[in-house]
Amino acid sequence: MKKCLAVLLAVLLVFGAVAIAGCAPKDQPDASKPKETKAGEVDGGEKKDPSKMKVVALLSGVITDNGWNQICYESVKNLADKYGIAAEYNENIAVSDMAEYIRTYAEEKYDMIIVHGSQFKASAEEMARKYPDSHFCLSYGFRVDESTADQVEDIPNLAYVGPVNMGVLIGAIMGILTDNNKVVFLGGQDIPAITDIVSGIKEGVSLTNKDAAVMTDYLGTLTDADLAKERALAFIDDGYDVISASANTAQLGCLHAAEERGVYALGFNGDQYGVAPNAVVLSVMRNYPAIYEDVFLSIAEGTWKSGMVVYTLKDNGTSVSDWHGWDKKLPKEKVDAINDVIQKLYKGELGDY
Amino acid sequence: MDLLQTIGGYLFTDIRMAAPVLLAGLGLLLMNWSGLLNIGAEGTMLIAALAAVAGSHYFGSVWMGLLLAMLAGAVFGLLFAVLTVTLRANQTVVGAAINILGLSLSTTLNRVLFGVETTVTKVDSFKVLEIPLLSKIPVIGQAFFAQMPIVYIAFLLVPVMHYFLFKTKPGLNLRSVGENPRVADTLGINVYRTQYLATIIGSMIIAAGGAFLSTGLLNFFTEDMVAGRGYIALAAVIFGKYKPAGIMIAAMIFMAGNVVSNVLQVAGVGIPYTFLTMIPYILTIVALTIFASRAVAPASLGKPYKRG
């Protein structure tokens, strides 16, 4: 009797697995008609019909992480909505498996393969050399001090893509918001996609507030929102009155802490006003949807550029959310100062950001 | 006075953060004493954290959220019991499966219910319930008597559980099942029923811990938000020598480590954050070495029992 039940359960499980496999993405391309492409044609020249291009995003985490991976998912979704292509992505890829994922899509002659994260640098470089027919975009984090440039290799079909100087913009706003002259920015972990922001905070704050004490440190987690909240509370209780964080879902805990204590916060990576409407004044976002649309069109039009493809504040690499009514709630001089500094940064009037 | 207040604040944070681990540990303890080794606390807490937010969202009350979370926990407990007690599958493997199931199911359901957004769905959450007079005691008053209801429940469960396990007949029956199910069976104790009950009720207590993470400390669910607390609880049970009070001390020592790393980071002493992250674990190991004496596990822990 019990054996029967066990067998029955096993059979059910197998059926379940088959059913799920059957539902797997059907937009896999038809491999039977390989396209003839000569090597060397990749670098410019050939024009493509955007609606016929094949794009895939290869992600290290899940598309609902409120951060790094979600913004990439939104980039391919944006392309899908605008150009009628399929929004293809793969989640939770380990560093050791990335090369095989890339190979799969490169063999299928994908036009644009987004490898989302600098931890995949070695795989992307290896595969870009092997498959000159595909364009590879490695999403990268660039430090403000330009020390990243040494890491970039010259491969004609590989671009290191990312915004730069976001931290400067965030810091500049934080410097204006603070009343106590104490601001804190918490990163999740010491990885390029986070240190690029952390590296700019001090410089940004000094643009608007020379007296403010700036603290930047790391939480050591990207998922533990509860822990992040307690850490943020500890900072706030020590007198810090503006807080922002870049730690995927964990950063939501910091915003929650700001709301609980009634201090200002800045959202990051998405419009996070809704998480803590009484704390989140503005949100600053990596403008990857616009960046990858730009890169996508450059492939279509044959104006592709390899190497470091950096989007500064001037190039619209970073976007800022709506005020959501905070422009009425804040003192007018702060609103004006923030609007002013954002404008100046975008125009490049405060230096080359 | 100022220093004392600061210490009171640290204690407050410590107790609040220890509560979910304590609940999970107590739930696991109940199962362990019935002879079942369930490593699936992490998955159970995750699904409960989501269920709590869903319940609170759809019914508008955080208590309904807790109820739904405990129901979800009961279902996970039932699944574990069916597989390990009735079908006698390997308990460690099933526990691991529960963890994976909890992670993927909570992730999928979260996307189905609340969509793929960069913000989160906020819900009603537990409010602090100050106990009159007692909360006015200097230093410890706020820490012990100005917490959320579920924190009181967690800490009250410690003596209750101790009394049940070691002073009552059903508790003795439960422990005898964990020590030697065959003897218990010959004495007329229904081993399977005991194990089923222990697993289901234990999982519900674990689920309460998960619910506290999403609707107590915060008011939203994020994927993988339990972040290893289910495994910490597993260690806390062994560290606490299979005694409720021991688990409480273990949970509080571990979370005291987190408080220390918070304090050090805010003070800006320049210790790399990777070392700060280690503090809770180092503190636990040190405490374990100092206070170590052999933890005696229930004799039949993890061994499936076949009747007849």
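The centres of domain 1 and domain 2 of chain A, taken over C-alpha atoms, are separated by 28 Å in this predicted model. Domain 1 of chain A covers 51-164 + 288-311, while domain 2 covers 166-285 + 318-347, and chain A also touches chain B, with 35 residues of chain A in contact with 30 residues of chain B. The model as a whole scores ipTM 0.88 and pTM 0.84.

**Contact between the domains of chain A**

- Domain 1 of chain A places 16 residues in contact with 16 residues of domain 2 of chain A, and on the domain 1 side H2(A) gives the most, with three residues.
- The residues on that side of domain 1 of chain A, the one touching domain 2, divide into seven nonpolar, six polar and three charged.

**The parallel sheet of chain A**

- One open sheet of chain A has six strands in the order S2-S1-S3-S4-S5-S11, and its pairing is parallel.
- Strand S2 (88-90) and strand S11 (307-311) of chain A stand at the edges of this sheet, and because each has a single partner strand, one side of each is left without a neighbour in the sheet.
- Neighbouring strands of this sheet are turned by 20° against each other on average, with direction ignored.
- Within the sheet, strand S4 (residues 135-139) and strand S5 (residues 158-163) of chain A pair in the parallel sense over four bridges, and A:Ser139 stands opposite A:Val161 in S5(A).
- Helix H2 (residues 68-83) of chain A packs on the sheet, where it touches strand S1 (55-59), S2, strand S3 (112-116) and S4 of chain A, and its direction makes about 170° with that of S1(A).
- Helix H3 (residues 98-107) of chain A also packs on the sheet, touching S1, S2 and S3 of chain A, with a direction that makes about 165° with that of S3(A).

**The mixed sheet of chain A**

- A further open sheet of chain A is formed by six strands in the order S7-S6-S8-S9-S10-S12, and here the pairing is mixed.
- Its edge strands are S7 and strand S12 (318-320) of chain A, each of which pairs on one side only, and the twist from one strand to the next averages 20°.
- Strand S10 (residues 280-286) of chain A pairs with S12(A) in the antiparallel sense over three bridges, and the bridge partner of A:Met285 in S12(A) is A:Ser319.
- Helix H5 (residues 166-177) of chain A lies across strand S6 (182-187), strand S8 (242-246), strand S9 (264-268), S10 and S12 of chain A, running at about 170° to S10(A).
- H7(A) lies across S6 and S8 of chain A and runs at about 150° to S8(A).

**The side of chain A that touches chain B**

- The 35 residues of chain A that are in contact with 30 residues of chain B include two or more from each of helix H1 (2-22), strand S7 (213-218), helix H7 (225-237) and helix H8 (251-261) of chain A.
- H7(A) gives the most to this side of chain A, with eight residues, and the residues of the side divide into 12 nonpolar, 13 polar and 10 charged.

**Chain B**

- Chain B has 12 helices and two strands, which follow the pattern α-α-α-α-β-α-β-α-α-α-α-α-α-α along the sequence.
- With 308 residues, a compact globule would have a radius of gyration near 19 Å, and the 20 Å of chain B agrees with this.
- The C-alpha atoms of chain B fill a box of roughly 65 × 50 × 40 Å, taken along the principal axes.
- Chain B averages a pLDDT of 91, and 99% of the residues score at least 70.

Methods
Residues numbered from 1 in each chain as written. Chains lettered and ligands numbered in written order. Predicted model: local features only at pLDDT ≥ 70, side-chain atom pairs only at ≥ 80, totals over all residues. Contact = placed C-beta atoms within 7 Å. Nonpolar A, V, L, I, M, F, W, Y, C, P; charged D, E, K, R; others polar. Pairing = 2+ DSSP bridges. Axes fitted to C-alpha atoms, helices over the stretch in contact; angles between N-to-C directions. Domains from an automatic or database assignment. pLDDT = per-residue confidence, 0-100. Rg over C-alpha atoms; globule rule 2.2 N^0.38 Å.
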